[in-house]
Amino acid sequence: MKRTLGTCYYPEHWPRDIWEEDAARMVASGLTWVRIGEFAWKRIEPEPDVFDWGWLDDAIEVLGAAGLKIILGTPTATPPRWMLDRHPDMLAVDAQGHPRKFGSRRHYCFSHDGYRQDCRRIVTHLADRYGRNPHIAAWQTDNEYGCHDTILSWSDAARRAFRDWLAQRYQSTEALNRAWGNVFWSMEYDSFDEIDLPNLTVTEPNPAHVQAFRRFSSDQVVRFNRVQTEILRARTDAPLLHNYMGRETGFDHFDVGADFDIATWDSYPLGFLEDRVGATPERQRRYARQGDPDFQAFHHDLYRAVGHGRWWVIEQQPGPVNWAPYNPSPLPGMVRLWTWEAFAHGAEAVCYFRWRQAPFAQEQLHSGLLRPDSEAAPGLAEARQVADELLDAPEVAPLQATVALVFDYDALWSWEVQPQGRGLSGFDLLLDTYRGLRRLGISVDILPPSADFDGYRAILAPGLVRMSDALKERLASLGAALLLGPRSAARDADFTIPVPLPPALPGLDVTVSRLETLRPDMPVPLTGGGHAKHWLEELEGTAETVLATETGAPVAMRRGATTYLGAWLDEAAMIRFVADWLAEAGVETMTLPEDIRIRDTATERFWFNHGPETVETEVGPLPPAGVLRQPL
Amino acid sequence: MKRTLGTCYYPEHWPRDIWEEDAARMVASGLTWVRIGEFAWKRIEPEPDVFDWGWLDDAIEVLGAAGLKIILGTPTATPPRWMLDRHPDMLAVDAQGHPRKFGSRRHYCFSHDGYRQDCRRIVTHLADRYGRNPHIAAWQTDNEYGCHDTILSWSDAARRAFRDWLAQRYQSTEALNRAWGNVFWSMEYDSFDEIDLPNLTVTEPNPAHVQAFRRFSSDQVVRFNRVQTEILRARTDAPLLHNYMGRETGFDHFDVGADFDIATWDSYPLGFLEDRVGATPERQRRYARQGDPDFQAFHHDLYRAVGHGRWWVIEQQPGPVNWAPYNPSPLPGMVRLWTWEAFAHGAEAVCYFRWRQAPFAQEQLHSGLLRPDSEAAPGLAEARQVADELLDAPEVAPLQATVALVFDYDALWSWEVQPQGRGLSGFDLLLDTYRGLRRLGISVDILPPSADFDGYRAILAPGLVRMSDALKERLASLGAALLLGPRSAARDADFTIPVPLPPALPGLDVTVSRLETLRPDMPVPLTGGGHAKHWLEELEGTAETVLATETGAPVAMRRGATTYLGAWLDEAAMIRFVADWLAEAGVETMTLPEDIRIRDTATERFWFNHGPETVETEVGPLPPAGVLRQPL
Amino acid sequence: MKRTLGTCYYPEHWPRDIWEEDAARMVASGLTWVRIGEFAWKRIEPEPDVFDWGWLDDAIEVLGAAGLKIILGTPTATPPRWMLDRHPDMLAVDAQGHPRKFGSRRHYCFSHDGYRQDCRRIVTHLADRYGRNPHIAAWQTDNEYGCHDTILSWSDAARRAFRDWLAQRYQSTEALNRAWGNVFWSMEYDSFDEIDLPNLTVTEPNPAHVQAFRRFSSDQVVRFNRVQTEILRARTDAPLLHNYMGRETGFDHFDVGADFDIATWDSYPLGFLEDRVGATPERQRRYARQGDPDFQAFHHDLYRAVGHGRWWVIEQQPGPVNWAPYNPSPLPGMVRLWTWEAFAHGAEAVCYFRWRQAPFAQEQLHSGLLRPDSEAAPGLAEARQVADELLDAPEVAPLQATVALVFDYDALWSWEVQPQGRGLSGFDLLLDTYRGLRRLGISVDILPPSADFDGYRAILAPGLVRMSDALKERLASLGAALLLGPRSAARDADFTIPVPLPPALPGLDVTVSRLETLRPDMPVPLTGGGHAKHWLEELEGTAETVLATETGAPVAMRRGATTYLGAWLDEAAMIRFVADWLAEAGVETMTLPEDIRIRDTATERFWFNHGPETVETEVGPLPPAGVLRQPL
Ligand SMILES: [Zn+2]
Ligand SMILES: [Zn+2]
Ligand SMILES: [Zn+2]
């Protein structure tokens, strides 16, 4: 499959008389894809059950006729104002109990039955009309599930649905009380109708209660989305997809992704660096115009798994955005670098958001490929350059990596429910681990615990709070080098500490006898350099100590192929420890300069310079924003 | 007109038998004015429609007989508790939806019709009784509109009034939808009754929506106040005034000021330095006992414009206050310096708040000229010293400055609605610019965009987000040197980016092709020294580049008398760039030491030392808190 | 009386078949006491008026038969879920108006009459059943009053009760208006039913209003608790106690303590260091594994007074906890040190919380003496070591100190109501003063203002905002050296500044003519070294200046035995000034190293090393966590 480019377009925003010219310019710029429709409900159905299809028929025809392939979005992220008259209680409610009102987007509660019925209705109409349209080459449902903190809703609808979900899962309150340990603090329930959402409690609620609410909330997204994919499946053969966000962990993307053909995500490297990467101020300063060197790659690898191998960047930042704390311009060349980086990680397509900067409403300072006056913005030339470079580039050429990193949404919720130290996050632990691997030149596959791990030489599963016995057995039986911990298998399915104590891994005599969290100013020095930070476990057992504190306490212990690491390592310790561990596993590493990253496909090794200065590498000097394709 | 002094007095707080002595001491201290009555509603009307005028008649007679001129306040900032029984829904509501309750002051929503009727009633009674009283020499309406964040109310009353205001302004929802770009995110309305206040939305509301709400909220203040001034106008010939606050930008003071004869403001240099100047910690430390060297002067110049040339400080800090994060004592001499500084900027009168420190209630740690035990507080001797110095000082002698700075409330709302970078504020940009001018020894006139700019040699209008074509033409036709930008003319009347792109100035080929906001740790170095910070625009066009980044990007461009500056400059760059620009405009400058400021009247040049150490100046050494009057 | 140890146990959490073994292990570990029952309401009364006593009878018998003495708790901190069906409005309400829901603990409003009746009912049942049980050796009411910010409730029940309380106290609104100075800002009331709780006001409410609400809220705790103690008194001869918290100042513990025989408190040195000591980051870092060197001792001395000389630590941290921002492990030996430190301050017993770490619910990461798998956790060996050491240690041997520090809850509320500088706290002032005394090797008695001060050589009463004339006279008549100020006697009984101005002490001509609060970066240097920080008063009068600023302003003044200190001193100034003052009072001091503290009983001097390194002392080298008992 050829790698392709595209963009996001809103015909309803622009005069009818420039659509043809826009379409022609897209094609001339080397773009293949155009995504439309995902916010247009009000224009499609101006009044309840009154439809205006003309403009959309027309837009599809104009774009299609120009040779563009269309991704059509369902408009359920932006119900019109009249929908609130039908369902006054459809709004999500914040944790303080305030309804989250109309006036922007995503103003709905996933648990509201009436709204879900109206979504079923509009999607059916859309699919009936365009399911077999030859220009529609893919369908997107809704938009950015979870964006603006919209997974958790504390509404009446959510409360009712949560009670049902609990009743289904536990069957009796006796079972629930036992599973959650509600004997503690006299929290036992006699009826599912007594159970409230876990907000506004006097002090923290039972973590089992919160974890259940997190799982329920994720399931509500799956249920909400499946209504749409089922309708679409019955009416179209085009692939289905959704545009996921960066660091959105409120729902299980593997679960939602099971109903899709392709995973796509919205990549905003500069905005994300400012508002969600969690980098130190120094790192934020260094990469302010380039974005974090690992954050995008991490999501590329994650969503490749979510998409069962098929994935896109469907929204690529093309210049400054409007929504981050600070919104600088990218370094010249970064739009190209980001695009090639996606392809290096296996993307089939990269689409820029958006075609033309809107002069009105919320995103008026969000760059497009065109300025509001239709002149080319700087991003367009870089997109065009990639389009040219793609002409003689290899096709999408996936290559299974030798190293796998296990990513589990349920575990991330556990970290959020019980961080034990201020701000500790399982996501950050995964990202730190991934960064360490990347600094060693490793191409990584990110996989869910349910994956088939055949063929990997080395598997890392840090912070995997819940591990079934079956998973433990399956991993141990692979023969691959296995690096678990910290916090692995620390809770059972209902958020209780198992006995025997964690990690209770087959064949490895290691017990976490106690754990502590550390102030940022008290890292614990390790023998051989580097430190444990944030999280440190006390390990007991007969396994061999392969890493220890300067005072001699074991930090990592090993037997055979399985190593348990009982700490969160800082960057120096991570690189050193993982390098040694990989060497033992027979995986070759190279320590890359701070700003350089590489990524292998089946045919090429890509070199990227994420720093602001030229760097000498073994393939020669690489300028800022430099991309080098080394044939393999 | 002679410059005069005064104080604020609450006869209802003190035993009747000390009023005569208080009045006599005021006169003996050199005070001319006494302000009374503005919080006394409950004592005037203890029960609905039951009035007790005796004590107020008496107080007016005692003070007047002693020779004092009285400013009488309408008591509408403090409705009695019984008012809530009449109008349970009169309270303002905070942005989270919680009513802002009785128990302090300003507990009303400007949009509540019933409360406004009761204000009409009490002011009519007051004006009928005292409108022709010879001792009443001025009237104040209400107290500190906007203080305690009281302009924006999210109440039902405000919602209803906002819908009416929108209907009046747009006539149809089609027009409103078009103007706001509501097609974006399916936000189009079919009825004005569908439009809510822009709070509690899922993500940010449409900036056009918020800007409209800001304008509406300002208009509500004008409407509320005008009820009172119309009643007073019909019943008195005394001048009318209101006491504005420092850095209160929630309503358009020029609009409200149109109904007044005099502008007055409440100047608390130490409190403001701690809670609203926005200075760096280092600057806060240096000026902790003196106040910011430019903040008061800026407001003096601003409110001189609001008052059409006539203005006072009606509340002058006389010692430590009670309401700032920290409340240090002023450096000895600062009360005198602040008073003279006001006179240097053209004040007709300076009144100290308050006569005697109240030992009870909210302000019990707010200094007065007297202590609670009626002994003199330190401020009294400094007031007395000024009174003596005034005996042979020149009269108020206004002098039009050569340099004008344009101040527009609507533009400040635009910055708040869409800062694009964390905490960026149009007010701060104006204050930084003003500070730069003052460091160069310039006396400045601050003017609204509607002003007549005749006679100015140089006009600066930074951050003027909205500029009508008429304004552009008018400014260009003046012949004066014009310094615009950044962000000038960046939005049309409905918060949309105009095409052709901004600034689209007549005769100046400059286009802002893109803009970025900068992290505080990434200032961009400029050729010749200094940096751009916070806000940086990319400029295109054929105009001459007169300032550039070290990498060669144009930062300021000029043709003829008009210069466009596409950046927010730091202090070093500001002083250097503005000095050069003023030199070209034929305006002489002198670079003053950090702590020294000067101000010219028609007869004198005033020198002030705001620092904690003696400074050598061209007029000799100036001690801390030093004031030197140099005849011109 | 022998010093004893104990633990907290929840038989309802564990299978019946391990109770005997648990009991036997407790006894074998040297424990005497076991506390049970305080969260078990739901298990005792599963449905309204349906009781299940069997398990509790059994548990008491098992533990008692093993030789343990039982403290039985009333379960009123954790009403079962069905209680909400009886009293839907029983929940406390937060300051924003949101009910604080079921799902953790302490979910009740102290003012709710219906809930208080149900507490009366359950306590009566408990006391009837177990009041004469020979194994029940003490009773605890409820659990940690005030924990999780539960003293102040903004509920309807609280509003009604507050109005009654005000009516009782003031009898007429005229009296209340006069006392509070409600003439200010027209805040006068005509009926007690007009008075609301002082939350959600537009700007700050009248401090007299808030202080009244604080006093009311404390009285509600006393009233709530007394219902229980009265029932118990009638049915048991065992001592009654409550477990107080660290830095819980929301209610007057002396008032509540009047109804108890013993005071106990819950001592979590590491958790408290992270979340409430208020130490600098450097100090937090240094003592992260040991806890603040003075915070526990301060509470030991405080609760000794609350308990009329009889006090315990009823919950002692035995390892990492789960609820602080960071939760590190204690340095080895600290559990022993904390235990001995309590005994050194006169504790009769120290109980560890908890026996076995619970694998479920909110505290699953809170250490116990046992791990969840019943293996010994590190704390158990240290407890066992203390048990052994106690065998030949002296009995509890109280000794009146020579120096007293006055602690007044009402004064702390005044500081909170009116800090005048950001974050200033009367508690911190007391702790700083206490720390200064301890650095000088002083053993301190902490006493309420109502105490009999006979026999003390030196009495300190910093920040005692309200002092009656009787108290002034009583203190002055003692002959002891008296150190008052800052802020002493600064307000009358209704939060008004008295005239003559404070402190108005008999025989001491000192007047606070003005005061200021200081930014943290502007401490004022004093002659002889050290600084005034936070709070600085200007003093007038004829008394002798014994401490002054470098610019010569008096900071402390003295006549005879009475000294008034008008500033908050930093540690250097505090140590120097207090040392000199104590020397004059004939009290010997020794300046201890930073980490070392001593404490004298009648028979021994205890030496403790709170630092992470060995320290040389006059009794030899003391290792980290070292405890040395020097016979006297
Ligand atoms: Zn008269
Ligand atoms: Zn709320
Ligand atoms: Zn027995």
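1. Basis. The model is predicted: local features need pLDDT of at least 70, side-chain atom pairs count only at pLDDT 80 or more, and totals for chains, interfaces and linings use all residues. Residues are numbered from 1 along each chain as its sequence is written, chains are lettered from A and ligands numbered from 1 in the order in which they are written, and side-chain values use heavy atoms, with hydrogens and water left out.

2. The copies use different surfaces, as 2% of the contact residues of chain B recur in chain A. Contact here means heavy atoms within 4.5 Å.

3. Zinc ion, ligand 2. This ion is coordinated at 1.9 Å by the NE2 atoms of A:His98, B:His98 and C:His98. Donors are N, O and S atoms within 2.8 Å of the metal (3.2 Å for Na, K and Ca), and sites may look incomplete since water is not among the atoms. A:His98 sits in the loop between α4 (83-86) and α5 (113-130) of chain A, and C:His98 in the loop between α4 (82-86) and α5 (113-130) of chain C, so the pair joins two chains. Helices (H or I, at least four residues) and strands (E, at least two) are DSSP runs, numbered from the N terminus. A:His98 counts as buried at 8% relative accessibility, and C:His98 counts as buried at 9%. The cut-offs are under 20% relative accessible area for buried, over 50% for exposed, and partly exposed in between (1.4 Å probe, protein chains only).

4. C:Glu61 is in helix α3 (residues 54-65) of chain C and C:His135 is in the loop between α5 and β4 (136-140) of that chain, so the pair ties together parts that are 74 residues apart in sequence. C:Glu61 counts as partly exposed, at 43% relative accessibility.

5. C:Leu63. This residue is also found in helix α3 of chain C. C:Leu63 counts as buried, at 1% relative accessibility. Leaving aside neighbours within four places in sequence, C:Leu63 is in contact with C:Tyr9, C:Ala23, C:Val34, C:Ile36, C:Leu68 and C:Ile70.

6. Helix α1 of chain A. In this helix (residues 19-28) the buried residues are A:Trp19, A:Asp22, A:Ala23 and A:Met26. They cover an arc of only 100° around the axis, which puts them on the same side of α1(A); the arc is that of the directions from the helix axis to the C-beta atoms. An α-helix has 3.6 residues a turn, so residues three or four places apart point the same way. The face turned away from the buried side of α1(A) carries the exposed residues A:Glu21 and A:Ala28. The buried residues pack against β1 (4-8), β2 (33-36) and α3 (54-65) of chain A. Just after α1(A), A:Gly30 has a positive phi of about 90°.

7. Helix α17 of chain B. B:Leu471, B:Lys472 and B:Leu475 are buried in this helix (residues 469-476). Seen down the axis of α17(B), the buried residues fall within an arc of 100°, so they line one face. B:Asp469 and B:Ala470 are exposed on the other side of α17(B). The cover over the buried residues includes β12 (481-484) of chain B.

8. B:His366. The loop between β8 (349-352) and α14 (378-390) of chain B holds B:His366. B:His366 is buried, with a relative accessible area of 1%. Beyond neighbours within four places in sequence, the contacts of B:His366 include B:Tyr268, B:Trp323 and B:Phe353.

9. An unreviewed UniProt entry lists residues 401-587 of chain A as "domain: Beta-galactosidase trimerisation". UniProt positions are given in the numbering used here, feature names are shortened, and annotations may be inferred rather than shown by experiment. Over residues 401-587 chain A is 24% helix and 28% strand, with the end C-alpha atoms 11 Å apart.
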